[in-house]
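Please open the structure in a viewer and keep the sequence beside it.

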Amino acid sequence: MSAGAHPLRGYFYIAAAALFWGISAALGRAAFTGHLLPGGVTLGAIDPLILSQSRVTFSLAVLLPLLLLRRGARELSVPRWDFVRFITLGVLGVAASNYFYYLAIQRTNVATAIILQYTAPVLVLLYTAVRSRRWPSARRVAAVALAVAGCALVVGLVGAGGFRIDRRGLTAAMLAAFSFAFYNIGGHSVLARYDRWKVLLWVLAGAAAFWIVVNPPWKIAAAHYGREQWIFMPVFSLLSVLLPFSCYFAGLQHLEPTRAIVASCLEPVFSIVLAAAILGELLRPMQTLGIVLVLFAIVLIQVPERAARGEELVVELME
């Protein structure tokens, strides 16, 4: 079905994907801190590295057999050079962004981590401007300024009032944004030549292979996780990768990419609201103002200029 055929249905799918990602962010915070899960179940803390590893590994374990049954191994193969590109995107993009993002959640809170990561479109815009040697429009410059000001309010640089700043957590959040931007810039060209499921498969394979080398199975076994934690990890991988991506791709069947991306900005809204409702994380008025500024900046950046619709930048937001 062509993009834009059923826009309301497309927005519904994108909103569902954002909701899944928001739920996974709140659950990730619970996994790091040992908070109670819904239903009164106590979950022992899980290391961010292991949670990042399990997220891609379990997702790959589900996606690979499904695609093999549907398409066969031959259709899923890629040329050697593209294979190297997929592995690089998996390691420096998915693996790095996942780890630094969850480390930021562990060290700070969901609001700080997710808002700073969502400055990645700003980084992509700046990279594109430098590469094309074309100065961005006044609208986009204003959006960058709003994003910077909003981030300053979110992390407590202005009007902190006792807000705790964890330098390691803030650094991790910014590294997650850089990795996320790298994944989007590097993935744009391959997404133009391959379907998204094949790209997702090989990128997950690269990330999973990297984690096996960095954190081999015997190190995971040495963590001595309990039954609740082992049940949580595959469920978390489905909520944070497979389900939201299936909804996001369905939304792209009905919406042009820019509209889908703008709609996906509901993710930080859902994440922050759920973190407040489930985990009791409080937001101060100045932080709330910062969140509003950042969200407005993200939307403002991604609305295509009338004079440049034919040169519209497509940024696939993939967690």
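Select L238 to begin. This residue of the predicted model lies in helix α11.

Now extend the selection to V62, L66 and L243. Together with L238, these residues form a nonpolar patch on the surface, and the accessible area of the four comes to about 310 Å². Two elements, α2 (48–71) and α11 (227–252), each give two or more residues to this nonpolar patch.

Next, select H224, in the loop between α10 (217–222) and α11. Most residues other than glycine have a negative phi. H224 is not a glycine, yet its phi is positive, at about 55 degrees. With a relative accessibility of 68%, H224 counts as exposed.

The salt bridges are the next topic. How many salt bridges does a search of the whole structure find? The search finds two.

For one of them, select R71 and D195. These residues form a salt bridge in which the closest N and O atoms are 3.0 Å apart. R71 lies in helix α2, while D195 lies in the loop between α8 (167–191) and α9 (196–214), so the pair ties together parts that are 124 residues apart in sequence. R71 is partly exposed, its relative accessible area being 22%. D195 also counts as partly exposed, at 31% relative accessibility.

For the other, select R193 and D82. Here too a salt bridge is formed, and the closest N and O atoms are 3.0 Å apart. Distant parts of the chain are linked by this pair: R193 is in the loop between α8 and α9, D82 is in helix α4, and 111 residues separate them. R193, by contrast, is partly exposed, with a relative accessible area of 46%.

Remain with helix α4 and select residues 80–107. The helix has 28 residues, and at 1.5 Å a residue it should span 40 Å; its end C-alpha atoms are 39 Å apart, which agrees. Where in α4 is the kink centred? The kink is centred on G90 and amounts to about 35 degrees.

Move on to T128, in helix α6 (residues 120–132). T128 counts as partly exposed, at 29% relative accessibility.

Finally, select the whole protein chain. The secondary structure comprises 14 helices and two strands. Of the 319 residues, 51% count as buried. The chain exposes about 15,000 Å², of which carbon and sulfur atoms supply 67%. Among contacts in the chain with a separation of 6 or more, 87% are between residues 24 or more positions apart.

Notes
Residues are numbered from 1 along each chain as its sequence is written. This is a predicted model: local features need pLDDT of at least 70, side-chain atom pairs count only at pLDDT 80 or more; totals for chains, interfaces and linings use all residues. Side-chain values use heavy atoms; hydrogens and water are left out. Helices (H or I, at least four residues) and strands (E, at least two) are DSSP runs, numbered from the N terminus. The expected span of a helix is 1.5 Å times one less than its number of residues. The bend at a residue is the angle between axes fitted to the seven residues ending there and the seven starting there. Buried means under 20% relative accessible area, exposed over 50%, partly exposed in between (1.4 Å probe, protein chains only). Contact means heavy atoms within 4.5 Å. Accessible areas come from the Shrake-Rupley method with a 1.4 Å probe; for residues, only the protein chains shown count as cover. Patches are made of residues with over 30% relative accessible area and no salt bridge: like charges are joined within 9 Å, nonpolar side chains (Val, Leu, Ile, Met, Phe, Trp, Tyr) within 5 Å. A salt bridge is a side-chain nitrogen of Lys or Arg within 4 Å of a carboxyl oxygen of Asp or Glu.
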